[in-house]
Amino acid sequence: MRLTYLLASVSSLLLVGAPPASGESLQDALGAAYLNNPDIRVQRDAADIAEERINQARSRGKPTVSVFGSYLYESIDSSRPFAFNNGDRPVASAQLEARFPIYSGGRLGAGVRQAEANAFAADAQLDAATQSLMLDTITSYVDIIRDRAVIDIRNSSIELLEGQLTASEDRFEVGDITRTDVALSEARLEGGRAQLAAAEAQLEGSLAYYVYLTGTEAGELAPVPPAPELPATFEQALDQALNSNPAIEAARHAEQAAREAIKFAKGSLRPELAAIAQAGVQEYHTDGFTDTNFVAGAQASVPLFTGGLNASRLREAKLQRSQALSQIALNERLIRAQVAQAWYAHEAASRAVAATERQVEAAEIAYEGAQEELKVGFRTTLDVLDQEQQLLEARLAVVTAKRDRYVAVHQLLAAMGRLSPEMLGIGIR
């Protein structure tokens with residue numbers, strides 16, 4: 001039967017270990033998504049910005065050297081009996097100042113550590129966004145394969161229904177069946193066409209989402225590669241997820257940054273001490289005089305009253321750390337749920353694949369038997385149509401179950417932090 005051959009063909013696209021075929025591969029799609037997706041570029045820029053803030057924080061503990069210069073026109077007129085600087089003259093001056101922080105109440109070290117923790121958090125957020133993109137691309141890829149397979153199966157079903165309608169009309173002409181049987185065949189055919197239209201619309205949606213993810217149109221898609229191996233037990237998968245999931249890592253680094261922010265805020269309540277050196281020169285062009293000066297020493301500042309600003313900043317930093325701790329707990333709870341959902345979805349889909357394949361075999365036998373029994377009058381047209389519908393639903397269930405099993409594997413890998421480009425073998429830095 002044509003439907004039997006069709007099912008074997010489209011199902012092979014989702015079979016683990018399917019032979020290579022020409023067309024765009026899953027790795028091609030993943031590579032295009034990694035290079036073209038705007039969200040990854042946004043996250044990559046955020047990670048680079050965080051790296052630059054480390055340099056900025058470190059620079060606050062290094063010497064600073066500044067040069068100041070001016071050129072003025074000065075006019076002095078005094079009523080004093082003895083005044084020596086009266087008159088109009090241009091004045092040029094220049095000053096060099098060097099400043100080196102000695103003590104900042106711990107703010108310099110805390111600021112550097114805070115920036116480093118924020119950079120680690122930004123890197124983890126980039127990893128999380130990348131793995132989310134990889135999962136979405138894999139899902140989109142197999143969705144297109146599934147949708148195309150569904151359309152092929154429904155087209156084949158329509159061909160059968162059209163043949164069934166023709167046969168019903170012929171038998172009605174010779175009086176073997178009633179007009180009701182013909183109407184049933186017509187109704188099933190139109191229902192099949194409506195379902196085909198819905199399947200085509202779903203494919204268009206999947207294709208559009210694929211373009212959004214990868215920036216490229218989906219051509220002929222090759223079969224998916226074998227799914228990676230999963231841990232032996234749910235507990236192993238959960239333990240790896242809690243230790244390696246990038247969202248949890250980002251939250252932990254954010255909490256570390258919040259702890260350093262508290263130290264930074266406490267430092268603003270303490271004195272500051274810096275060594276300074278200044279050298280200057282001032283020239284009076286018309287008089288031919290030059291004045292030079294040099295100053296060196298230490299400068300201290302003690303915050304006495306800031307209107308409550310520093311105390312408020314300290315309270316804010318403590319609240320941010322409390323918020324970061326809550327975010328860690330929230331992420332851990334979310335990851336536990338994701339691991340459980342993916343693990344049991346994979347188990348259910350695996351059982352569904354085996355069950356639906358057996359269902360297809362039984363439905364094919366029942367459908368062929370119903371056709372033969374219809375010829376000798378033991379079955380009605382409605383019986384045959386019902387058997388054809390059950391066979392159609394079984395074939396669609398096989399395709400859907402294989403898609404669900406493949407996606408569930410990668411959902412679990414994403415929750416475990418194992419869906420990075422390197423682990424997927426994309427080979428892109």
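Buried means under 20% relative accessible area, exposed means over 50%, and partly exposed lies in between, using a 1.4 Å probe and protein chains only. With that in hand, here are my notes.

1. **Ground rules.** This is a predicted model, in which local features need pLDDT of at least 70 and side-chain atom pairs count only at pLDDT 80 or more, while totals for chains, interfaces and linings use all residues. Residues are numbered from 1 along each chain as its sequence is written, and side-chain values use heavy atoms, with hydrogens and water left out.

2. **Overall layout.** The protein has ten helices and four strands; these are DSSP runs numbered from the N terminus, where helices are H or I of at least four residues and strands are E of at least two. Along the sequence the order reads α-α-α-β-β-α-α-α-α-β-β-α-α-α. Of the 429 residues, 38% count as buried.

3. **Contacts across the sequence.** Taking contact as heavy atoms within 4.5 Å, 82% of the contacts between residues at least 6 apart in sequence join residues at least 24 apart. The next two points give examples.

4. **S104.** This residue sits in the loop between β2 (87-103) and α4 (107-173). S104 counts as buried because its relative accessibility is 9%. Setting aside neighbours within four places in sequence, S104 is in contact with G267, P271 and E272. S104 and F264 are 160 residues apart in sequence, yet their C-alpha atoms are 9.5 Å apart.

5. **Q114.** Helix α4 holds Q114, which is partly exposed because its relative accessibility is 23%. Not counting residues up to four places away in sequence, Q114 touches A257, E260 and A261. Q114 and R259 are 145 residues apart in sequence, with 7.9 Å between their C-alpha atoms.

6. R321 pairs with E255, their closest N and O atoms being 2.7 Å apart. That pair links distant parts of the chain, R321 in helix α8 (residues 309-375) and E255 in helix α7 (residues 246-267), 66 residues apart. R321 is partly exposed because its relative accessibility is 30%, whereas E255 is buried because its value is 8%. K402 forms a salt bridge with E357, at 3.3 Å between the closest N and O atoms. Here too distant parts are linked, K402 in helix α9 (residues 381-415) and E357 in helix α8, 45 residues apart. K402 is buried because its relative accessibility is 4%, and E357 is partly exposed because its value is 33%.

7. **A charged network.** D143, R146, D147, R403 and D404 are linked in a network of salt bridges. Within this group, the side chains of D147 and R146 meet at 2.9 Å, N to O, and both residues are buried.

8. **A negative patch.** D45, D48, E51 and E52 form a negative surface patch. Patch residues have over 30% relative accessible area and no salt bridge, with like charges joined within 9 Å and nonpolar side chains (Val, Leu, Ile, Met, Phe, Trp, Tyr) within 5 Å. Lys and Arg count as positive and Asp and Glu as negative, while His and the chain ends are not counted; the place of a charge is NZ of Lys, CZ of Arg, CG of Asp or CD of Glu. E52 lies in helix α3 (residues 38-59) and is partly exposed because its relative accessibility is 45%.

Technical notes: Areas by Shrake-Rupley, 256 points an atom, 1.4 Å probe, with all protein chains shown as cover. Salt bridge = Lys/Arg side-chain N within 4 Å of Asp/Glu carboxyl O.
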